[in-house]
Amino acid sequence: MSKRVAIIGLDSVPPEMMFDKLLDKLPNIKRMYDRGIHGDLETCNPPITVPAWMVMMTGKNPGKLGIYGFRHRRGFSYSDGYIVNSTTVKEDTVWQMLSRQGKKSIVLGVPPGYPPKAIEDTEIVSCFITPGQDKQFTNPPELKQEVLAAAGGKYIFDVTFRTEDREAIRKELFEMTEKRFDVAEYLAKTKPWDFFIMHEIGFDRLHHAFWKFFDPKHPKYVKGNQYENLDEEYYKMVDDRIGRLVKLFGEDTITFIVSDHGSKGMVGAFCVNQWLEQQGYISFKTRPTKMTDIDKAEVDWTKTKAWGWGGYYARIFFNVKGREPTGVVERKDLEAEKKKLSSLIMSIKDNNGKQMKNVVFEPDQLYGRAIGDKPDLMVYFDDLNWRSAGTVGHDSLYLFENDTGPDDSVHSMMGIFIMYDPSKNLNSKILKNAKIEDMAPTLLKMLGVPSVDDMDGHVLSEVFS
Amino acid sequence: MPQTTTQSKYTTVSIPITLHDRIEKMIIKKSGFKSVSDYVTYVLREVVAMHETKDVPEPFTSTDVEEIKARLKALGYL
């Protein structure tokens, strides 16, 4: 077991794109698929980049991590919140466990990775949440200059989404990803490592900004549009860079290509707070007449029982007496109120009067134990086909544009898994029932390091047989 | 060998019996923690992580927060 292990993390890549639609156009990934093991990788709930990569790298579910999305409420405040960052993650990641055993790691862009933690024998470049390249974004600090040099003087953490300026997004997307792989090659070549992981956010941005252009099944697809083959173009560019990188890793490296969740076309956005108002849960002092964030709307908290947050899923919070500043729901009634609202949510219909396939979770039941600033309920609208719009002041409950920016896709529960060992031909073996939290214990076993006791993930024994 | 694996994962630390009993009483009332060890591990992880990161400055300035929120919003996360 003296092999090195590398992970190429492609954010938001679904099996339908990588395995079904584009594989034959991607010679390098296809070779790894044909000679290795592949399968779907089931993500966590919620299927969101933050927490998904940390679930993968700690082996622990979001409830144990206390991370439910990019942004959290601060305690029980109505409007105060915080952005999740690397210090929010209290559980050990794979590279922290490796560091304690004297093993060396390279960690490029894994979210949430800013600020970079000071971990011995671990070269870290922070993630797309980094405010800018003027910040200290590497561990050790002096690595920053090397990263900037490898990226030609300008490193791009993330693309900027501009409403309907797709050309600018496209240009920056390709530039960003090329630079990421330039840095990956530099690090893999010049630094000693036992474990290498890189994360590329570009796929997620490609999907959100361009899905309607390349998916003929999307309601807004127009045949012959200028971005019709952009998916293929981008995936091929990455395939080429993966080919170069895997060659550079050499024969003694086992490489994984994984994603943290899937993607699919967005049907629309459901205005959760307007619906809650209709059901008598929210009361406004002044009802907004134009699009307004719920945090900024004049909510009458003395008459509001519950409200929700937008995103790819909805977080619902009850306004509980003695917990929220001016709570109205009695603590003893909370469980009954949750059940009542859950049942109302399950009866929501779409814009055509068709029953949505909604899912409602209670964090403690879902995770066993849920710490941190958790919502009271988590809701997926119509199997995630509809995103949640938290804003109010719309004419309808149903929006066919995202309320917050250009967006044509939503997240789905299945990501991808490929494992490739250059010294073996496994004849395209299929891996079944793999979950994202299984990655951490599997990687540790592969690297000969003991796992911790309270992981939710299990070793994927098929990859060792 | 399972026994060796288990042994290598855990060790014993001593805490006063009175403290142990107080924690036990408390966790019976509050759901979630299965045992005193479970609770103590959780609290210690929090505290140790806090000390490990105490030299790291506040990650985001207020301007950063506004910019990141705008970005995350445009990306559909909020």
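**Strands, domains and a chain interface**

In strand β19 of chain A, L399(A) is the bridge partner of A269(A). This is a predicted model, in which local features need pLDDT of at least 70 and side-chain atom pairs count only at pLDDT 80 or more, while totals for chains, interfaces and linings use all residues. Residues are numbered from 1 along each chain as its sequence is written, and chains are lettered from A and ligands numbered from 1 in the order in which they are written.

Strand β11(A), residues 268-271, pairs with β19(A) in the antiparallel sense over two bridges; two strands count as paired if DSSP finds at least two bridges between them, and strands (E, at least two residues) and helices (H or I, at least four) are DSSP runs numbered from the N terminus. Together with β18(A) they form an open, mixed sheet in the order β18-β11-β19, whose edge strands, β18 (386-389) and β19 (398-399) of chain A, each pair on one side only.

Chain A is assigned domain 1 (4-265 + 411-464) and domain 2 (268-405), with bounds taken from an automatic or database domain assignment. Their contact takes 22 residues from domain 1 of chain A and 24 residues from domain 2 of chain A, a contact being two residues whose C-beta atoms, placed from the backbone, lie within 7 Å. On the side of domain 1 of chain A that touches domain 2 of chain A, the elements giving two or more residues are α4 (62-65), β3 (71-73) and β20 (409-412) of chain A, and α4(A) provides the largest share, three residues.

Between the chains, 27 residues of chain A are in contact with 23 residues of chain B.
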